[in-house]
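Work through the exercises below with the sequence and the 3D structure in view. Each task is followed by a solution in steps.

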Amino acid sequence: MAFLLKFISRGTRMAAPFRRNCNGLAGPLVLSKEVREAKAENKPIVALESTIISHGMPYPHNLTTALEVENIIRQRGAIPATIAILNGQLTVGLTEDELRYLAQAKGVVKVSRRDIAPVVAAKLDGATTVAGTIIAAELADIPVFVTGGIGGVHRYGETTMDISADLTELSRNKTLVVCSGVKSILDIGRTLEYLETQGVCVCSFGESDDFPAFYTMKSGHRAPHRVPDALHAARLLHSSRLLQLGSGILVAVPLPQEHAMDEKIIEDAINCALEASREKGINGKEVTPFVLSAVASATHGVSLDANIALVKNNAKVGADIAVEFKKLNN
Ligand code: PSU
Ligand code: MN
């Protein structure tokens with residue numbers, strides 16, 4: 001596979017608005033200098049999404065979190081690769097300037113699978129969702145990807161058909177995604193059913209068999225599998241690749257207990273946010289960002305603190321898995 005891909009090397013660090021686009025060059029991706037060096041030195045790499053930066057958290061929390069998450073990954077012995085489309089160029093590994101730009105830029109498109117080619121063709125800026133990031137991680141041969149929460153089957157999805165493309169992408173690529181489960185803005189039971197149908201291996205991480213619900217440690221739904229630690233997660237990834245299953249793994253890490261939210265408070269905030277989104281006629285790709293920001297204001301920022309804490313914790317877990325996986329493959 002790797003020989004089919006020609007990566008475009010990017011030597012200098014330019015701010016995104018001034019970057020020249022790469023018309024006429026062969027590869028689908030640009031790798032940052034840090035990621036290129038990590039590949040050359042056979043270091044573990046962890047992919048990170050960018051919709052969480054542009055649409056998932058307000059400025060400046062989005063920027064400080066993105067920078068801290070990257071540093072946590074470096075401290076654990078892996079190299080971070082935040083993925084986005086900058087001026088039409090699918091980019092793996094953002095410089096600090098590029099992260100600063102993305103955190104404040106207006107008009108950044110939220111990019112899932114269906115949006116990648118139009119955004120590249122029109123030379124726009126795009127922030128990749130879990131689905132979009134999985135596609136780039138696969139192209140760049142990065143096996144582990146860390147995020148906060150994935151998309152899923154929305155409540156009443158059985159009639160609205162609003163099911164995130166994250167779920168189908170997890171099934172058609174072999175990336176291991178570390179998250180804190182699925183927010184209860186979604187229908188968690190149906191999300192797990194859908195993942196089962198799509199053949200995605202879902203595991204809880206740590207002591208509990210319960211699938212976490214993002215802001216709370218338990219959803220009341222059992223995860224079909226469990227991995228106790230990073231080494232076991234890495235072994236699972238290794239086996240899945242050996243078997244050439246071609247489908248993904250979802251490792252669901254409960255948020256640290258001290259940041260877990262009161263179930264009633266979060267459920268009330270979510271119900272208000274969902275009602276507001278229905279009243280305003282929000283639909284399609286706008287639903288998730290709208291509900292996330294309405295929940296953050298209804299909880300006076302407590303949900304944002306929980307969100308930041310869980311992403312950082314997931315970064316530790318993901319980096320440890322990437323390090324263990326690299327050892328198994330050396
Ligand atoms: N859930 C969160 N925070 C996020 C998202 C989901 O708690 O930022 C983002 C992710 O990028 C995810 C996307 O891939 O929303 C899912 O959007 P949709 O439901 O439109 O597929
Ligand atoms: Mn949707």
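The structure is a predicted model.

**Exercise 1.** Which residues of strand S12 (residues 249-252) lie on each side, and with which residue of S12 does Cys201 form a bridge?

Solution. 
- Step 1. One side of S12 carries Ile249 and Val251, and the other carries Leu250 and Ala252. All are buried, and both faces are covered.
- Step 2. Strand S10 (residues 201-205) pairs with S12 in the parallel sense, over 4 bridges. Cys201 has Ile249 as its bridge partner in S12.
- Step 3. Strand S9 (residues 176-179) is paired with S12 too, again in the parallel sense and over 4 bridges. In that pair, Leu176 is opposite Ile249.

**Exercise 2.** Decide for each of Ala140, Ala234 and Glu158 whether the residue is buried or exposed.

Solution. 
- Step 1. The rule needed is a count of other C-beta atoms within 10 Å: 20 or more means buried, and 12 or fewer means exposed.
- Step 2. Ala140 is buried because 23 other C-beta atoms lie within 10 Å. Ala140 sits in the loop between helix H6 (130-139) and S8. Residues up to four places away in sequence aside, Ala140 touches Leu29, Leu31 and Val92. The C-alpha atom of Ala140 is 9.8 Å from that of Lys39, although 101 residues separate them along the chain.
- Step 3. Ala234 has 25 C-beta neighbours inside 10 Å and therefore counts as buried. Ala234 belongs to helix H10 (residues 230-242). Not counting residues up to four places away in sequence, Ala234 touches Ile321, Glu324, Phe325 and Leu328.
- Step 4. Glu158 has 12 other C-beta atoms within 10 Å, so Glu158 is exposed. Glu158 is in helix H7 (residues 157-160). Between the C-alpha atoms of Glu158 and Asp305, 147 residues apart along the chain, the separation is 32 Å.

**Exercise 3.** Which members of the largest nonpolar core touch the most other members?

Solution. 
- Step 1. The core has 107 residues, and those touching the most other members are Val46, Ala81, Leu250, Val251, Ala252 and Ile321.
- Step 2. Helix H13 (302-328) gives the most to this core, with 11 residues.
- Step 3. Take Ile321 as an example. Neighbours within four places in sequence aside, Ile321 is in contact with Val144, Leu176, Val178, Ala230, Ala233 and Ala234.
- Step 4. As background, nonpolar side chains tend to be buried together in soluble globular proteins.

**Exercise 4.** How many residues surround ligand 1, and which helix supplies the largest share of them?

Solution. 
- Step 1. Ligand 1 is surrounded by 18 residues, of which Thr51, Gly56, Gly149, Gly151 and Ser164 are the closest.
- Step 2. By kind, the shell contains 5 nonpolar, 9 polar and 4 charged residues.
- Step 3. At least two shell residues come from each of helix H2 (51-56), helix H8 (165-172) and helix H12 (287-298). H2 supplies the largest share, 3 residues.

**Exercise 5.** What do the buried residues of H12 pack against?

Solution. 
- Step 1. The buried residues in H12 are Val287, Thr288, Val291, Leu292, Ala294, Val295 and Ala296.
- Step 2. They pack against H2, helix H11 (263-279) and H13.
- Step 3. For its length, H12 has 12 residues and reaches 16 Å from its first C-alpha to its last, close to the 16 Å expected at 1.5 Å a residue.
- Step 4. Just after H12, His300 has a positive phi of about 55°.

Terms used
Residues are numbered from 1 along each chain as its sequence is written. Chains are lettered from A and ligands numbered from 1 in the order in which they are written. This is a predicted model: local features need pLDDT of at least 70, side-chain atom pairs count only at pLDDT 80 or more; totals for chains, interfaces and linings use all residues. Two strands pair if DSSP finds at least two bridges between them. A residue is near a molecule or strand if its C-beta atom, placed from the backbone, lies within 6 Å of it. Ala, Val, Leu, Ile, Met, Phe, Trp, Tyr, Cys and Pro count as nonpolar, Asp, Glu, Lys and Arg as charged, and the others, Gly among them, as polar. The expected span of a helix is 1.5 Å times one less than its number of residues. Two residues are in contact if their C-beta atoms, placed from the backbone, lie within 7 Å. A nonpolar core is a set of buried Ala, Val, Leu, Ile, Met, Phe, Trp, Tyr and Cys residues joined through C-beta atoms within 7 Å.
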